[in-house]
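Reader: I would like to go through this structure term by term. Please set each value against its cut-off.
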Amino acid sequence: MNILLAGGAGYIGSHTAVELLKAGHGVVIVDNYGNSSPEVIHRLEKLTGKNIPAYCADVRDEKAVSEILATHPIDCVIHFAGLKAVGESVRKPLEYYDNNINTTLTLLKCMKKAGVRNIVFSSSATVYGEENPIPYVETMKKGSCSNPYGWTKSMMEQILEDAAVADPELSVVLLRYFNPIGAHESGLIGEDPLGGPNNLMPYVAQVAVGRRDHLTIFGNDYPTPDGTCRRDYIHVVDLAVGHVKAVEFAASRKGTEVFNLGTGNPYSVLDIVAAFERNSGVSIRYEFGPRRAGDLPEFWANADKARRVLGWEASRDLDAMCRDTWNWQRNNPEGYRAPRG
Ligand code: NAD
Ligand code: UFG
């Protein structure tokens, strides 16, 4: 199949491109490089030995997206193109609603015009909200989100589901990611947050490489085994393989289906620090600070449905997640801005 990756130069999209190519599919990338770099495309070509058609365009631009769909015969779209910083979404809600909702609407309109029937969407565990018991199961009702970013994901899920009800030809797969970390084992691609990391693992990696002085752990008085929050961290390559399964599943049926992509195993912030130290040999300076607004004490996935229906299961453990993050970070201390010679 030929897959259009909207936001394909980003962290998850780039790793998915590698796994799709490895599985024998073709990929086309469209990205405005708002949170990524054209250097990613060079790295992907080096890594896979394939020529990757890539377009610099805003996915809200109907004309640009229609032209791409008219140029390439596309079987499925994967929609990664979103703004994703939780804190920023509280300060700039309109930008988040504009970007995230309108990219979705534009893709759906252009797909209909071009006769593309399948879409896989990057959703998030955040849609379970605060009310649901853990572990989260796909059959649970969505909850109320604590920030505009989360609401955009919840609304986009609804938009896609409604579109599939109205158009019986449409196949929608909603993937609810838990906490992706790690990098490709080659060290050629990885997570490169522009403007400073918001998430735990890239922060730890930047402390390790000397770009940050120390990590602040947000709260150590949670009702968890060691007092720090617990999450379901998943290796980004496992997540990428989940997309290959999702694309193949999407092509085989119609309507909407939802899958959690997680491991089902929670780790605390202190577990992550210890595992990173063990796998890098670098000690991570940290101090405890106040809780971060909106953080839940703990959540993880029930990952049974993806195993049963997609035949997918995460296979890389926490050591591999830390090892691969460190391999990427120490080979690319400044991320994609200072390409290796
Ligand atoms: P990312 O920022 O690395 O990738 C997103 C890509 O989309 C970037 O390359 C960015 O430049 C591009 N983009 C954004 N808006 C665009 C637009 N209007 N037009 C064209 N390109 C645009 O983020 P990621 O971590 O790879 O996340 C991918 C998707 O997965 C996002 O939708 C994100 O919300 C979702 N998600 C991420 C996580 C996570 O922890 N990383 C968790 C749950 C869900
Ligand atoms: N944390 C710290 N210090 C930091 C950064 C994070 O202690 O500098 C802690 C947080 O308080 C939390 C844990 O590390 O307890 C994980 O935080 P992240 O920011 O890495 O991840 P979140 O669970 O908050 O959120 C992530 C994505 C969201 C997504 C959610 C569920 O950022 O987009 O997972 O999928 F919605």
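Reader: Which backbone atom lies 3.1 Å from an oxygen atom of ligand 2?

Author: A backbone N or O atom of Tyr177. A polar contact is a pair of N or O atoms within 3.5 Å; within protein, one must be able to donate a hydrogen and the other to accept it, and residues adjacent in sequence count only if both atoms are side-chain atoms. At 3.1 Å, the Tyr177 pair qualifies. This is a predicted model: local features need pLDDT of at least 70, side-chain atom pairs need 80 or more, and totals for chains, interfaces and linings use all residues. Residues are numbered from 1 along each chain, chains are lettered from A and ligands numbered from 1 as written, and side-chain values use heavy atoms, without hydrogens or water.

Reader: What makes the side chain of Asp295 a polar contact of ligand 2?

Author: An N or O atom there is 2.6 Å from a ligand oxygen. That is within the cut-off.

Reader: How do you know whether Tyr136 is buried or exposed?

Author: Buried means under 20% relative accessible area, exposed over 50%, partly exposed in between (1.4 Å probe, protein chains only). Tyr136 has 2%, so it is buried. Phe178 has 5%, so Phe178 is buried.

Reader: What puts Lys305 over the face of Phe259?

Author: NZ of Lys or CZ of Arg must be within 6 Å of the ring centre and within 35 degrees of the ring normal. Lys305 lies at 4.8 Å from the ring centre.
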